[in-house]
Each structure stands twice: as C-alpha cells, then as structure tokens.
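Dear colleague,

Please find below the sequence and structure that I am handing over to you. My notes on what was found follow directly after them.

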Amino acid sequence: MFVQVLQGQLADADFLGRQLQKWRKEIKPMTTGYLGSTSGVTADNYGIAIVRFESEEKAQANSSLPKQSAWWEETSKAFSGEVTFHDCREVDLLFGGGKNDAGFVQVMQGRAMDQERVRAETKRMEGELRKLRPDLIGGVTAWHGDGSFTDVSYFTSEAEARKNEKAMEGSPLLEQYMSMFDGEPTFYDLTKLDFD
C-alpha cells in the first residue's frame, strides 16, 4: 500500500467538501489502484486527507491525469496557504486498517526515535490494545520516509474515545508507547468527516 497525506489551513471547508464530491463523480472512475480516503477538518479549520493506493506507481499515474491536475488547481483554493504533502511508501495497518463507519477520527503526527522499534512494538501491543480500547476499531500509520509519521485512528465515537483515553492515563502500555517518540506528537481531532 502507498499513502499520500495532504494537509493545510482551510479558507473554505465547504468548498473542499464539494470538490471531493466532484472528484468522486468525475475523476475516480478514471483512476486505477485507488483504495480509498479519509479526510476531515479540525475545530480550527485545519484540513487533513489520507489517500490510499495499491502502489506508488498507481498513485503517480493518477497524479499525471490532466483532469486530476486541473481538479487540484481548483481545489487548492479551499486552502488559505501552503498545502503540505507526504508520500508514504511504508504503511502499517491496525485491526485491518481504516473504517468508514467510524464516528470519530484522530490523527497523530510525530517522529519515532527508532522507526523499526515502533513498528515492531505496535504490532506486539495489538492484542492487548484490542482488549483495553474497544472503541478503537482501526488504524493506519503512514511513514514519511525520515522517521516521522502520520497515524490515523478510527473510533466508534468521540465520547467513547475520550472515556477510554482517560481510563488509560498512566497505564504502562501507553507510557511505553509514548516513550518511543522524539518529542511530543501533534494531535488533530477531525470533524466533518469524509470517507471513500
């Protein structure tokens, strides 16, 4: 799997929503290897989208479509400034990956002190995490290629996520997980969710 992450401050979240609908109708039928996407907006109007493809080659083929370029040129007007892109060749799935029926999505971005250790430990913790966090129904971690990452967690609801998050405060599992990062990660709580 190959993942593209794009993010930036929005000037018009509603326009972005309309453009996503337009993409599904006009461009999606022309793509090959497209697996789906998750996008959303934070309370302070910051937009993040995670787009999944079968491979980097198929993602590039989509990017080179003239209609795709024209669509992005128009869509970029939804943002008030620069849009950041991450092309992620290494991707890990939690509980089978993203879930389109999630009621709440949280994005965490940070940097691992040791990427391979984080990947191995996360896999090892999966069984225990499933028991401790029944509200967590899936996840995608996309590695940016330099030890930094975008982690997308899918929850049944924000209320359940907050309740179980509070219950886990001070737990050895959480402390062990957070100790593997270089500095404090940044969290984005997404609302106005859009799944494809």
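Two strands are taken to pair if DSSP finds at least two bridges between them; helices (H or I, at least four residues) and strands (E, at least two) are DSSP runs, numbered from the N terminus. This is a predicted model, in which local features need pLDDT of at least 70 and side-chain atom pairs count only at pLDDT 80 or more, while totals for chains, interfaces and linings use all residues. Residues are numbered from 1 along each chain as its sequence is written, and side-chain values use heavy atoms, with hydrogens and water left out.

Strand pairing

Strand S5 (residues 90-94) and S7 (residues 136-143) run antiparallel and are joined by five bridges. Within this pairing, Asp92 stands opposite Thr141 in S7. S7 also pairs with strand S8 (residues 148-155), again in the antiparallel sense, over seven bridges, and here Gly138 stands opposite Tyr154 in S8. S7 and S8 form a hairpin with four residues between them; Gly145, in the turn, has a positive phi of about 105 degrees. Seven of the eight residues of S7 are buried, where buried means under 20% relative accessible area, exposed over 50%, and partly exposed in between (1.4 Å probe, protein chains only).

Nonpolar cores and a surface patch

A nonpolar core is a set of buried Ala, Val, Leu, Ile, Met, Phe, Trp, Tyr and Cys residues joined through side-chain atoms within 4.5 Å. The largest such core has 19 residues, of which Leu10, Leu16, Ala78 and Phe79 touch the most other members. Two or more residues each come from strand S1 (2-9), helix H1 (13-26), strand S2 (34-41) and strand S3 (46-53); H1 gives the largest share, five residues. Apart from this core lies another, of 18 residues, among them Met108, Met168, Leu173 and Met180. Leaving aside residues up to four places away in sequence, the contacts of Leu10 (heavy atoms within 4.5 Å) include Leu16, Val41, Tyr46, Ala78 and Phe79.

On the surface, Met1, Leu35 and Leu93 form a nonpolar patch with about 230 Å² of accessible area together. Patches are made of residues with over 30% relative accessible area and no salt bridge, like charges being joined within 9 Å and nonpolar side chains (Val, Leu, Ile, Met, Phe, Trp, Tyr) within 5 Å. Areas come from the Shrake-Rupley method with a 1.4 Å probe, and for residues only the protein chains shown count as cover. Met1 lies in the segment before S1 and is partly exposed, with a relative accessible area of 38%.

Salt bridges

With a salt bridge defined as a side-chain nitrogen of Lys or Arg within 4 Å of a carboxyl oxygen of Asp or Glu, the count comes to 17. One of them joins Arg89 and Glu56 (2.8 Å, N to O). This pair links distant parts of the chain, 33 residues apart: Arg89 is in the loop between strand S4 (84-88) and S5, and Glu56 is in helix H2 (residues 56-63). Arg89 is exposed at 55% relative accessibility, whereas Glu56 is buried at 19%.

Other bridges lie within a helix. In helix H4 (residues 115-132), Arg119 and Glu116 are three residues apart, about one turn of the helix, and their side chains meet at 3.8 Å, N to O. In helix H5 (residues 158-167), Glu165 and Arg162 are likewise three residues apart, with their closest N and O atoms 3.6 Å apart. Finally, Arg24, Lys28, Asp194 and Asp196 are linked in a network of salt bridges.

With kind regards
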